[in-house]
Amino acid sequence: MSRDIEAAALAIMHGKLVAFPTETVYGLGADATNEEAVKKIYNVKGRPSINPLIVHVHDLSRAQEIAEFDERALTLAENFWPGPLTIVVPIRSRSKIAKSVLAGLSTIAIRIPAHPVALALLKISGVPIAAPSANLSGYISATRSKHVLDAFADRDVFVLEDADECEYGIESTIVDLTSGRPTVLRYGFITPEAIGEVLGHEIQACSSLMQLKAPGMMDKHYSPKTKIRLNATSLQVGEIGLNFGDEALISQGSMNLSKDSDLIEAAANLYDMLRRLDDYAQKNNIETVAIAPIPNEGIGLAVNDRLQRAAF
Ligand code: TXA
Ligand code: MG
């Protein structure tokens, strides 16, 4: 693997795209200081150019060279990095970040990932890496190397495979510190309560209005080809089921996010199961994936947020 990481780091340094595992989902990365390389990300993903990218770095001092960290940002970084929290802070005017990473904003979304492969790639390449989730724009995010290979097999993307699955399986929490009160723009493994506790006061959790601040949150997202029906307690004709806990949705091909009703396990399984159900449904002329109710607490907030967008 280490030789692969070195080759991947070289690819990054040469302006190529590298798909790499993180503890949340796979990222599709490029040197964040190389305009041409960053443009390839938008092109290969089919991503609208108005949707800015998250920049990944391997240590806090590198992050501080790129962006301004006030006391609250430092507190969050010290408590949650490396880990699944993205912090939106003002960019420094002398930072070398390519313009298209920012999509016109004067703020930047930045994080230190906790996955050893991602950290090694960042360290060896020596540059900040811009990386959205490694899926085609609008489709379900990738949590296994197989998902990435399926999407980009015929594109010029170096795929760093990892035997382990992405631990959390759902994208990082995004917290915005640039507009007065800290605001969670996207739910993830780190809950608004956990952030509030560390900052010593309650923080604003995302409302649909707030999500307009994260431009990529507006569109269709995480969407399978098959229709989605949420909060299903029984199956209708022509449906396949995704259960949580009790097996209320029983049919050939149905799956269970967590037989033990464990929300952390459910989040880790979510994208892989949605992809498998989508494939099965497409092959068997099934119109709809019916999904059991998921408790709206803890990481369940993030699971429900993604499901609502998938059903949109
Ligand atoms: O876990 C993750 O965050 C993964 C891994 C690869 O790190 N990345 C990821 O990237 O989920 P992406 O591109 O799929 O989602 C990034 C989100 C988008 O909704 C984008 O609009 C928002 O972050 N974003 C980026 N820069 C922003 C900024 N300056 N202000 C507000 N939102 C921003
Ligand atoms: Mg994404």
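Reader: How many helices and strands are there in the protein?
Author: Helices (H or I, at least four residues) and strands (E, at least two) are DSSP runs, numbered from the N terminus. This is a predicted model, in which local features need pLDDT of at least 70, side-chain atom pairs count only at pLDDT 80 or more, and totals for chains, interfaces and linings use all residues. Residues are numbered from 1 along each chain as its sequence is written, and side-chain values use heavy atoms, with hydrogens and water left out. The protein has 13 strands, and its helices number 10.

Reader: Which radius of gyration does the protein have, and why does it agree with a compact globule?
Author: The radius is taken over C-alpha atoms, and the globule rule is 2.2 Å times the number of residues to the power 0.38. For 312 residues a compact globule would come near 20 Å, so the protein agrees with its value of 19 Å.

Reader: What share of the residues of the protein count as buried?
Author: Buried means under 20% relative accessible area, exposed over 50%, and partly exposed in between (1.4 Å probe, protein chains only). Of the 312 residues, the share that counts as buried is 57%.

Reader: Is Ala268 buried or exposed, and what is its relative accessible area?
Author: Ala268 lies in helix H9. Leaving aside residues up to four places away in sequence, Ala268 touches Arg144, Glu167, Tyr168 and Gly169. Ala268 counts as buried because its relative accessible area is 16%.

Reader: Where is Lys16 found, and what is its relative accessibility?
Author: Lys16 is found in the loop between helix H1 (2-13) and strand E1 (17-20). Apart from residues up to four places away in sequence, Lys16 touches Ala11, Gly29, Ala30, Lys40 and Asp156. Lys16 counts as partly exposed because its relative accessibility is 37%.

Terms used. Chains lettered and ligands numbered in written order. Contact = heavy atoms within 4.5 Å.
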